[in-house]
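The briefing below walks through a two-chain model by topic, with the cut-offs behind each term given where the term is first used. Please read it alongside the sequence and the coordinates.

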Amino acid sequence: MSQRPTAHDLTSTVSITTASRPARIDGRRLRSERTKQLIIEAYLALLRENPMTPMPTAARIAERAGYSVRSIFERFPDLNKLRAAAADYQLAQAAALAPPRNIDGDRKTRIKSQVETRAGTCERGVALWRVLIFSIDQDEDLKPRVKTARERTIERMEIMYRPELSTLSERDRKHLLIALEAITDIESWARMRELYGLSFEEACGVWVRAIDRMLPQTPST
Amino acid sequence: MIIEAYLTLLRESPQIPTAATIAERAGYSVRSVFERFPDLHALRVAATDYAFTQGTAQAVARDFSGDRLTRLKSHVETRSWICEQWLPLWRALNANQGDSSELKSRINLIRQAILKRIELMYEAELATLGATERLQTLIAIESLIDFESWARMREFSGMSIEEAREVWVKSIDRLLPPTPVS
């Protein structure tokens with residue numbers, strides 16, 4: 001769970017526009033991307049430490065990152081853009097840290113694997129997620145990012161539960177995926193951990209049981 | 001009137017209304033707003049209490065002695081109606097809670113009321129479970145019927161009220177154990 005993305009993952013994360021171009025090693029550009037990454041990480045660290053402050057000041061972020069305030073605004077026109085870049089970073093991080101595993105396993109293995117992966121993503125991402133949700137009506141840039149995050153959760157479940165979902169009609173399949181996404185929402189995870197005081201394993205147990213009950217019977221191969 | 005103006009504005013736009021817009025909508029001066037509420041936080045707390053009282057009156061438990069399908073439909077209809085009505089306030093409450101113990105306690109109170117309703121409606125089925133499984137089932141159903149889950153079905157998936165209700169009815173039915181034979 002503590003595995004970090006590689007330098008290549010991170011540079012391709014913070015600058016979507018450069019990611020699609022052929023790679024050419026450019027030391028200055030690489031350093032600049034690295035600075036962006038450190039600024040984003042400083043913002044995320046401050047959010048996790050103090051979730052009640054959804055947007056720390058530029059001075060606080062700069063201090064934490066070890067750069068000047070000017071460095072921040074050289075790379076992000078305003079703090080809203082930094083927040084959007086942090087969302088991109090976290091999405092890329094979730095993809096890098098949580099590839100689908102055990103997709104050909106038996107039902108129990110697949111449920112356990114999907115739940116543990118999702119739980120890890122929720123555990124790491126809840127602080128930023130709350131900021132995105134509460135700021136979404138004030139910042140149009142956040143809407144596609146939240147949409148992408150939700151779509152990825154559903155896509156992952158489609159991969160993990162393909163045998164069971166294939167037995168359903170299109171309508172039932174859509175309904176089931178929507179329900180599973182609701183049950184495994186980040187806020188659902190946060191409530192289990194914060195409100196009910198469940199351990200990581202206990203909270204995973206809630207999801208494993210719920211998904212197992214929700215899915216139709218696994219077809220025999 | 002001031003509280004109702006605040007709630008109406010929340011329903012019209014997700015932006016948190018200012019004292020000036022609230023006063024204008026209520027037909028009072030800004031001074032009148034602050035004569036009654038020391039600050040906007042106090043107004044939010046009062047609006048939450050008002051909404052909770054209204055919501056409780058609107059969401060009287062019905063059919064809790066009915067058969068499984070009747071209880072499922074009744075519970076989902078009531079819950080979805082509350083979500084349709086009170087989602088904007090719920091969002092504002094969460095967005096503004098900050099470190100306010102008053103708003104946090106109200107959020108907890110609302111969640112407790114949702115859980116109690118689940119326990120009431122599905123008492124027969126939940127009674128067949130051990131303590132851990134019961135808690136697991138309650139948590140899963142509570143997540144499923146969260147305000148934001150309803151909002152996603154309506155806003156993100158573009159579902160009608162009927163289709164969204166169908167998702168909840170089918171899902172709760174799957175999450176619950178078999179109904180014991182009485």
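From the N terminus on, the elements of chain B run α-α-α-α-α-α-α-α-α-α, which amounts to 10 helices and 0 strands; helices (H or I, at least four residues) and strands (E, at least two) are DSSP runs, numbered from the N terminus. This is a predicted model, in which local features need pLDDT of at least 70, side-chain atom pairs count only at pLDDT 80 or more, and totals for chains, interfaces and linings use all residues. Residues are numbered from 1 along each chain as its sequence is written, while chains are lettered from A and ligands numbered from 1 in the order in which they are written.

**Confidence**

- The model scores ipTM 0.85 and pTM 0.82.
- For chain B the mean pLDDT is 89, and 99% of its residues reach 70 or more, pLDDT being the predictor's confidence in each residue, from 0 to 100.
- Where pLDDT is low, the predicted coordinates should not be read in detail.

**Chain B**

- Taken along the principal axes, the C-alpha atoms of chain B fill a box of roughly 60 × 35 × 25 Å.
- Buried residues make up 32% of the 182 residues in chain B; a residue is buried if 20 or more other C-beta atoms lie within 10 Å of its own, exposed if 12 or fewer, and partly exposed in between, with C-beta atoms placed from the backbone.
- Of the contacts in chain B with a separation of 6 or more, 63% are between residues 24 or more positions apart, where two residues are in contact if their C-beta atoms, placed from the backbone, lie within 7 Å.
- In helix α1 (residues 2-12) of chain B the buried residues are B:Ile2, B:Ala5, B:Tyr6, B:Leu7, B:Leu9 and B:Leu10, and the buried residues of α1(B) pack against α2 (19-26), α3 (30-36), α4 (40-58) and α5 (68-96) of chain B.

**Chain A and its domains**

- Chain A has 12 helices and 0 strands, and 34% of its 221 residues count as buried.
- Residues 24 or more positions apart account for 65% of the contacts in chain A with a separation of 6 or more.
- The domain assignment of chain A gives domain 1 (7-90) and domain 2 (102-214), with bounds that come from an automatic or database domain assignment; the C-alpha centres of these two domains lie 27 Å apart.
- Contact between the domains involves 12 residues of domain 1 of chain A and 12 residues of domain 2 of chain A; on the domain 1 side, the elements that give two or more residues are α3 (27-49) and α6 (79-97) of chain A, and the largest share, 7 residues, comes from α6(A).
- That side of domain 1 divides into 7 nonpolar, 2 polar and 3 charged residues, where Ala, Val, Leu, Ile, Met, Phe, Trp, Tyr, Cys and Pro count as nonpolar, Asp, Glu, Lys and Arg as charged, and the others, Gly among them, as polar.
- The buried residues of α6(A) include A:Leu82, A:Arg83, A:Tyr89, A:Gln90 and A:Gln93.

**Interface between the chains**

- The contact takes 19 residues from chain A and 23 residues from chain B; on the chain A side, α10 (170-183), α11 (186-195) and α12 (200-214) are the elements that give two or more residues, and α12(A) supplies the largest share, 6 residues.
- The residues on this side of chain A divide into 11 nonpolar, 3 polar and 5 charged.
- Leaving aside neighbours within four places in sequence, B:Leu144 is in contact with residues that include A:Ala179, A:Ala182 and A:Ile183 as well as B:Trp168 and B:Ile172.

**Nonpolar core**

- The largest nonpolar core has 88 residues, and those with the most contacts inside it are A:Tyr43, A:Ala86, A:Ala179, B:Tyr6, B:Leu89 and B:Leu144; such a core is a set of buried Ala, Val, Leu, Ile, Met, Phe, Trp, Tyr and Cys residues joined through C-beta atoms within 7 Å.
- The element that gives the most to this core is α5(B), with 9 residues.
- Because domain 1 (7-90) and domain 2 (102-214) of chain A both give residues to this core, it lies between them.
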